[in-house]
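Here is a short briefing on one protein chain. Keep the sequence and the coordinates open while reading.

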Amino acid sequence: MLNTQDAFILSAMRMSKQFGRTLREAPADAETISHQLLVRAGFIDQLSAGVYSYLPSGLKVKKNIERIIRKEMDTSNGIEVLLPTIQPSAIWEISERLFTMQDVLFKLEDKRGRTMVLGPTHEEVITTLFSKFANSYRDLPRILYQIQTKLRDETRPRGGLVRVREFTMKDAYSFDLDEKGLDVSYNSMVDAYHQIFNACEIPIVSVEADSGAIGGKGSQEFIFLTNSGEDTILICDQCDYAANQEKAEFIRPKKTTSQPLDIEKIKTPETTTIDQLVNLLKIDKSDTAKAVLYMATPRTDDTSFPIFVVIRGDLEINEVKLMNLVDAREITPMSDEDLSRYNIVSGYASPIGITSEIRIIADISITETSNLVSGANEVGYHLTNTNYSRDWVASDIADIAIADDGNTCAKCTGHKEGNLKISRGIEMGHVFRLGKTYTSVFETTILDQSGKQLTPIMGCYGIGIDRILSAAVEAHHDQDGIIWPKQLSPYNIHLTALNFEQDSTVAEEATKFYEKIQDAGLTVLFDDRDENPGVKFKDADLIGIPIRITISSRNNAENVVELKLRNSETSEKIKKENIIEVLQQLSK
RNA sequence: CGGGGUGUAGCUCAGCCUGGCAGAGCGCUGCGUUUGGGACGCAGAAGCCCUCGGUUCAAAUCCGAGCACCCCGACCA
């Protein structure tokens, strides 16, 4: 139940005194439903690309989300701290992320010319802080968390509050003695996350994820499925496997292997794409080997190196898997100059007969399939019946293919053979088994029981608070407006007084209820404006407080007030003397 | 960072093609009539037509450059 008395100083508001206004029309650039409704209902206002103000009611929702998160973190042994937003760039040099995260870092210089960054995340600060105060195994395990503004210079903010440059995040960091301890911390955070999303009434799918630039192994994302999301995920229709597309594993469509045949060079004029090749030779895409050339930029410096990727023609390359394999920060398709520098013939590239020093990476599909058609590294010619190992070898054989809708699940066991279904979603939370990446570079050591030095192992856990706001609206609305989940609603009760200015009895009664509701420990938004009933009802629906009660001349005559739930079509009349009890019951 | 689009009143937009007084609806102010689902009448206030430059007797309108914002993609702890 909402413990509103200590949650807010201001737990009631008269709309005649409120700041902000509802809008009949949403701004043209609001595309997603949540963006439109949050703006129309007067919860948020955009200042610039990916930068928003919270208006009073929006702020209340945000605080409610934070209260839910604090409660779950605290009961999961989390300890709240608050770390600085503005940070010396020196600690970002130590972790090398001044370089690797340069694209999203807001940088600035102070008066004396020292460079500072605005924190996009806080691994550096927390590890520095932890090192200072934790010296003994007795100081472990610990889970520290904060709710703090993060700043990221995103190249493309989008979707209202979904991807912004300034946002609020709950980030938590665990420190443990060993892997076993990390498991305990990690699992307790996963449990807390499920509790949090339940309380916020946001349906969540947890998926295996790529751990990205933050490093470490093992991570999962908490995804809210919605078409307006920007993440692509694959979910098995038979087992419980679900993964981000960047990470998703699948079984490649089978090809019957035949005996290796002799290589033959055939004439294929103006056939530079797989589609053209398939048309010309009347074969299937899976009978071809596709060559894709990239220049890769390593994580740690700017010197790029070439990579030659070979994958079966019916599959596409997963660039995230590829980047992880070669430890690259960025990969870009080779330019024509690069191609000629490495003696590669565009459109007819082949791993056979490569003359230059170049790292060749083959997807596992290549080794599972025989007699493939590949380029001849000569304009106008292809080679048929090429076979891996007999004709060429790669430096690496790996899973570098991207999973797509309908692929066979790699995790299904036994007779089940599930298909992966593709969906879009918003990443609401992300948990990582971080490992010793940061405790190593910041030289965090503690003494164990035997007096030996030990490097703690970390986990980190984030939740996007503004995104919860958006997702809650995406998940709970109708054509008239928002329908807030009970625990997120800016107020418990929407009190509507009809003819407030004209009927003094209404004004008296409504004001009396306004006070009684507060005395009962509930929060209330009181529509005491001199507006037509239609306007008041429309606004109430738009704002989306779950419980509405109406005071009117008509109801007064019957000695009742009218109660309507936002998610119900009908209203009911309640005797005045019973209403407070009913409201308390409903607000639980 | 590549591709596309949009900048005119607080909001939604018309006007631009074909240069000639700055417009509408909503919102806002005042008065009146209404009063159970964004009601109506009358009277008002409100603009650096994104910015800078050019063409022209004359530019919201044509030309050039820049900036901002949105969408798709790339990227995204």
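Contact means heavy atoms within 4.5 Å. By that criterion, 71% of the contacts in chain A between residues at least 6 apart in sequence join residues at least 24 apart. This is a predicted model: local features need pLDDT of at least 70, side-chain atom pairs count only at pLDDT 80 or more, and totals for chains, interfaces and linings use all residues. Side-chain values use heavy atoms, with hydrogens and water left out, residues are numbered from 1 along each chain as its sequence is written, and chains are lettered from A and ligands numbered from 1 in the order in which they are written.

**Chain A overall**
- Chain A holds 17 helices and 34 strands (DSSP runs numbered from the N terminus: helices are H or I with at least four residues, strands E with at least two).
- Its C-alpha atoms fill a box of roughly 95 × 65 × 55 Å along the principal axes.
- Of its 588 residues, 53% count as buried (buried is under 20% relative accessible area, exposed over 50%, partly exposed in between, with a 1.4 Å probe and protein chains only).
- Chain A has 66 positive and 87 negative charges, and their mean positions are 4 Å apart (Lys and Arg count as positive, Asp and Glu as negative; His and the chain ends are not counted; the places used are NZ of Lys, CZ of Arg, CG of Asp or CD of Glu).

**Glutamine 220**
- Glutamine 220 sits in strand β11, residues 219-225.
- Its relative accessible area is 18%, so glutamine 220 is buried.
- Its side chain makes a polar contact of 3.3 Å with that of tyrosine 186 and one of 3.4 Å with that of serine 206 (a polar contact is a pair of N or O atoms within 3.5 Å; within protein, one must be able to donate a hydrogen and the other to accept it, and residues adjacent in sequence count only if both atoms are side-chain atoms).
- Beyond four places in sequence, the contacts of glutamine 220 include Val190, Gly429, His430 and Val431.

**Helix α14**
- Helix α14 covers residues 504-519.
- Aspartate 503 caps its N-terminal end, with a side-chain oxygen 2.9 Å from the backbone nitrogen of threonine 505.
- Among the buried residues of α14 are Val506, Glu509, Phe513 and Ile517.
- Glycine 521 follows α14 and has a positive phi, near 85 degrees.

**Asparagine 77**
- Asparagine 77 lies in the loop between α3 (56-75) and β4 (78-80).
- Asparagine 77 counts as exposed because its relative accessibility is 62%.

Notes. Expected span 1.5 Å × (residues − 1).
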